[in-house]
Amino acid sequence: MISGMSDDPEYHPDPYSRAAASATRLTQLAGTSFDAAVVLGSGWLAAADAIGTADGEVPLADLGGFPAPTTAGHGGAVRYLNAGGQRVLLFLGRVHMYEGHEPATVVHGVRTAIAAGCRTVILTNAAGGIRADYTVGQPVLVSDHLNLTGRSPLWGPQPPAGYPGRFADLTAVYSPRLREVARSLDPALAEGVYAALPGPHYETPAEIRMLRGLGADLVGMSTALEAIAARHLGAEVLGISLVTNAAAGLSEELLDHADVLAAAKSSAERVGSLLSQLLPRI
Ligand code: 8IG
């Protein structure tokens, strides 16, 4: 099947209206619109409780447009809560291209959040560390990305009237202002360039050497498409990677998803407290 064609079950001629419909249902169920959204990546689920007590939780299946996540460590619900006056949506997981989804499906949560009022989108992920000075368990602010998925969430028909055009400017995808706020809370936070690959296999050591040469510091399988979609709609984006493994060939260890989840879990408190301090200050 040629992806994006009308025989594709995920094809939708207008993903923006679909997101608006999901947002309408969400704001009706929650009884409020929202200011900020957080997407929790692999293993970040344990940080959710540190962010605050939820006012409610909605299964994504009730909102339309969301497929069920298939990856261990990703939940299929969105929580909402108040963090120091900010009305926050907390997506307890995401779906990825490697699960067989179209880019428009991958970014449906971000577009829904923005349609529900969010002007800030915080994208978290677990990633392989390419830079030798990164250690497992360390959070790193994403300063920029290399979208090596070969895809774009803006592929397809023109966005409908009332939405920005398709040729989105990506000069400053990851808000320098929000990174500054994060560093003011945790001055030791490193920054790095995130390379997004389609996966789901991890890289070969030769590919990691190539990525390092291209300027990548982190490598993963998410975030870039969501960041493009959020920026396209004018939201301010913050990306935070949790380094859960040294990238292939950089350590003796083989890469294993269970190890990734364990590393993320042990850092939940640090990253949860970072998010809980950050949200009231955005
Ligand atoms: I966690 O080493 C995590 N996700 N592509 N490579 C890629 N994705 C990842 C990795 C990694 N670690």
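Before that, some ground rules. This is a predicted model, where local features need pLDDT of at least 70, side-chain atom pairs count only at pLDDT 80 or more, and totals for chains, interfaces and linings use all residues. Residues are numbered from 1 along each chain as its sequence is written, and side-chain values use heavy atoms, with hydrogens and water left out.

I start with the ligand. Which residues come nearest to the ligand? There are 12 residues around it, and the nearest are Gly128, Glu203, Gly220, Thr244 and Asn245. Near here means that a heavy atom of the residue lies within 4 Å.

Next, nitrogen atoms of the ligand. A polar side-chain atom of glutamate 203 is 2.5 Å from a nitrogen atom of the ligand. For asparagine 245, a side-chain N or O atom lies 2.7 Å from a nitrogen atom of the ligand. With glycine 128 the backbone is involved: one of its N or O atoms is 3.2 Å from a ligand nitrogen. As for cover, the ligand on its own has 320 Å² of accessible area, and the protein covers 96% of that. Such areas come from the Shrake-Rupley method with a 1.4 Å probe; for residues, only the protein chains shown count as cover.

Where does the shell come from? Strands E5 (120-129), E8 (218-220) and E9 (236-246) each supply at least two of its residues. E5 gives the most, with 3 residues. Helices (H or I, at least four residues) and strands (E, at least two) are DSSP runs, numbered from the N terminus.

Now strand E4, residues 86-91. Of its 6 residues, 5 are buried, where buried means under 20% relative accessible area, exposed over 50%, and partly exposed in between (1.4 Å probe, protein chains only). Strand E1 (residues 36-39) runs parallel to E4, joined by 4 bridges; two strands pair if DSSP finds at least two bridges between them. Alanine 36 has valine 88 in E4 as its bridge partner. Strand E3 (residues 77-83) pairs with E4 in the antiparallel sense, over 6 bridges. Here tyrosine 80 stands opposite leucine 89 in E4. The hairpin of E3 and E4 has 2 residues between the strands, and its glycine 84 takes a positive phi near 55 degrees.

Staying in E3, we come to arginine 79. Is arginine 79 buried or exposed? Its relative accessible area is 18%, so arginine 79 counts as buried. Its side chain makes a polar contact with the side chain of aspartate 49 at 3.1 Å. A polar contact is a pair of N or O atoms within 3.5 Å; within protein, one must be able to donate a hydrogen and the other to accept it, and residues adjacent in sequence count only if both atoms are side-chain atoms.

The second residue is glutamine 138, in the loop between E5 and strand E6 (139-147). Glutamine 138 counts as buried because its relative accessibility is 14%. Its side chain reaches the backbone nitrogen of threonine 135 at 2.9 Å.

Leucine 178 is buried, at 1% relative accessibility.
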